[in-house]
Amino acid sequence: MSYRFVIKRIASRALSSAVAQGLLKLDTDALWDRFVRGEKLPLEQLETLKADVEETLRTVEARGRQEREMMMEALKELANQILRGGRPR
Amino acid sequence: MNPVYGLFRFPSSYRKFRRFRQIVGVLAKHGFADMAKRTGLRRAWLGMKLIVSLGKWKGQDPLSTGERLRMVCEELGPTFVKFGQLLASRADLLPQDVTTELALLQDRVAPFPYEEVRQTIEDRFGVQVADIFKEFDETPIAAASIAQVHRATLHDGTVVAVKVRRPNIENLVLRDLEVLHSLAVYIDGQMPELSHLHSAELVDEFARNVTQEMDFRGEVRNMERFSANFENDPDIRIPAVVHQFSSVDVITMDFIDGVKVTNAAEIASLPISPEQIARVGTRVLLKSVFEDRFFHADPHPGNFLVTRDGQVCLLDFGMMGHVEESRMEEMLSFMVALVSSDSEMLVHTILQAGLAPEELNERSFRRDLELMMAQFSTCTLEDLNIEQLLRLATDVIFRHRIRLPADLLMVGRAITTMEGIAHDIYPAFVPLQAVQPYLMSLFLKRALDPTQHTGLVIDALLDWGTFLRNLPNELPPILKRLGKGEFKVVLTEKPHPTALRESNRRTNRLVAGIMGVSGSSLSIYCLEHCTVLPGWVSATFLAGSVSLSLWVVASLLRRDGL
């Protein structure tokens with residue numbers, strides 16, 4: 001079962017990287033405004049938090065980029081195989 | 001099994017038995033006679049101690065249970081003082097008045113003679129004290145139950161603090177731990193009213209902590225790990241270890257020339273304000289708990305010094321707390337829910353993290369927590385403190401018999417101790433003002449970090465994959481059996497120890513009753529008709545049988561009535 005942990009590590013990194021990429025592309029200002037109102041965080045602290053979160057997302061995206069691309073290739077190949085019914089190209 | 005008998009299994013059984021007898025005697029002396037009696041010593045041949053001790057108990061002592069329990073720990077020595085300190089943190093298991101009282105236990109004992117210090121150092125390093133140290137102060141700077149600290153100077157002129165373990169302390173603590181374990185097993189099995197304590201688990205946890213604390217190599221590793229976590233923090237100082245002269249029972253480290261945080265007069269002359277000290281202390285604790293997951297579990301004022309150049313120095317790394325990564329989310333959610341008065345989140349987290357009893361009334365628990373939180377809904381941060389919030393929450397948790405993970409309570413205790421110190425140093429400091437935004441930020445940061453969630457998603461997908469892969473092999477035999485009508489469901493019920501004991505007692509009484517009656521009948525028959533046996537034998541047998549029957553009747557009347 002040890003391959004499970006290898007798959008988990010690769011898949012987790014790939015998925016984290018994909019989510020991080022998606023979040024970085026999103027316009028999150030409205031979301032942060034809600035936090036300011038709802039959680040009573042001081043503005044200064046919110047700016048630090050925003051910067052920290054962005055930094056984390058960038059790190060996560062970069063760390064799992066290779067795995068993400070590999071997984072995307074594998075998924076594309078799998079989709080092709082399914083669509084072509086297993087016939088060679 | 002009765003712990004008294006269990007003690008005879010070990011080679012040092014007599015010493016342990018004497019200690020056990022002493023413990024029971026002290027318990028009885030301080031009004032825990034019922035507990036002492038139920039350990040079985042009442043019937044043991046050395047039970048005289050208990051009778052003597054019971055004589056000292058007046059029965060109308062004005063002292064509370066907590067006070068008496070504290071006195072028991074103090075009288076029984078260092079192991080029990082430390083165990084009492086651990087119990088003080090278990091507000092989920094013990095009533096508030098008991099934990100408050102146990103928190104007063106002080107780990108202070110008389111120092112041991114310099115001759116023994118010298119012997120320990122020389123035995124350990126195989127050289128004379130004078131070969132290692134240019135100067136060695138024979139009077140200790142501090143003495144506690146496990147070790148004492150001396151000031152010394154190395155030959156290169158470095159001033160050091162030398163922590164030396166008490167000779168033979170390991171054997172004494174291990175003996176007490178074995179006795180404590182026997183008592184705990186007995187309490188778990190034979191005292192249903194205390195079964196929620198899971199005493200054996202508590203003693204095991206304590207044994208792990210205290211044995212770690214006695215091995216100074218562990219403390220050295222703790223110091224270095226903690227130091228590495230704060231190496232870039234200019235406000236923090238951790239003494240450096242002199243490895244060459246440190247081992248399992250001696251630690252040689254930098255001597256920190258500092259001022260105790262409680263010494264307000266001298267603190268005023270240092271280049272750091274009391275407010276800064278309070279802020280640094282809180283920051284260190286929060287970072288170590290929630291970011292490094294490795295924290296000082298005993299941050300009492302004696303373990304904080306402020307150096308002449310304004311750094312905050314932490315001492316004594318014997319007892320450290322570790323937070324497992326898997327617990328981190330629960331821990332953070334618990335604290336965030338508490339400091340932001342979110343009762344729904346608090347209920348959810350407690351039920352997820354705690355070990356709720358089967359009979360828990362979730363609705364009533366929810367209502368109690370909501371009522372508790374409602375008290376604070378209109379309060380400002382200045383009016384609140386973490387200690388108060390935690391106390392009220394654990395009070396509700398205790399009432400509903402929910403057991404919380406030990407590390408969560410350890411964190412709670414560390415935070416409240418730190419809060420108390422910060423408040424003493426700088427009364428205007430509002431710890432919640434520092435703690436709440438920190439926790440909120442960290443919580444949001446983790447919530448928005450994809451790596452915190454993807455592992456769970458992948459795990460779930462892999463589990464489903466395994467399940468679907470195995471299904472074709474595992475399902476057909478079940479369906480086949482169902483089809484043939486051979487499918488069986490076996491339900492087993494484990495008998496409750498108390499019910500089992502009561503059932504055994506009833507069986508014994510029944511057997512004794514039958515033996516008494518049949519013995520009496522046989523004796524009367526022999527007295528009248530038997531010529532082989534002398535009359536006095538039958539008469540003695542008759543007396544014995546009648547006594548047995550009377551004992552059964554008395555036992556029935558005493559316990560159940562007729």
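Which residues in H5(B) meet which residues in H6(B)? In this predicted model, Arg70(B), Cys73(B), Glu74(B) and Leu76(B) of H5(B) meet Phe80(B), Val81(B), Phe83(B) and Gly84(B) of H6(B), where contact requires that the C-beta atoms of two residues, placed from the backbone, lie within 7 Å. By class, this contact of H5(B) with H6(B) has five nonpolar, one polar and two charged residues; Ala, Val, Leu, Ile, Met, Phe, Trp, Tyr, Cys and Pro count as nonpolar, Asp, Glu, Lys and Arg as charged, and the others, Gly among them, as polar. Helix H5 (residues 65-76) of chain B and helix H6 (residues 78-88) of chain B pack at an angle of about 145°, with their axes 6 Å apart. The axes are lines fitted to C-alpha atoms over the stretch in contact, and the angles run from 0 to 180 degrees between N-to-C directions. Helices (H or I, at least four residues) and strands (E, at least two) are DSSP runs, numbered from the N terminus.

Residues are numbered from 1 along each chain as its sequence is written, and chains are lettered from A and ligands numbered from 1 in the order in which they are written. Local features need pLDDT of at least 70 and side-chain atom pairs count only at pLDDT 80 or more, whereas totals for chains, interfaces and linings use all residues.

The contact between the chains takes 15 residues from chain B and 19 residues from chain A. On the side of chain B that touches chain A, helix H20 (431-447) and helix H21 (451-484) are the elements that give two or more residues, and H21(B) gives the most, with seven residues.

Chain A has four helices and zero strands, and 20% of its 89 residues count as buried, that is, with 20 or more other C-beta atoms, placed from the backbone, within 10 Å of their own.

| Part of chain A | Mean pLDDT |
|---|---|
| Chain A | pLDDT 83 |
| Helix H2 (residues 29-39), lowest | pLDDT 69 |
| Helix H4 (residues 65-83), highest | pLDDT 89 |

Where pLDDT is low, the predicted coordinates should not be read in detail.

Lys488(B) has its place in the loop between H21 and helix H22 (497-529) of chain B, and it is exposed because 5 other C-beta atoms lie within 10 Å, the limit for exposed being 12 or fewer.

Key:
pLDDT is the predictor's confidence in each residue, from 0 to 100.
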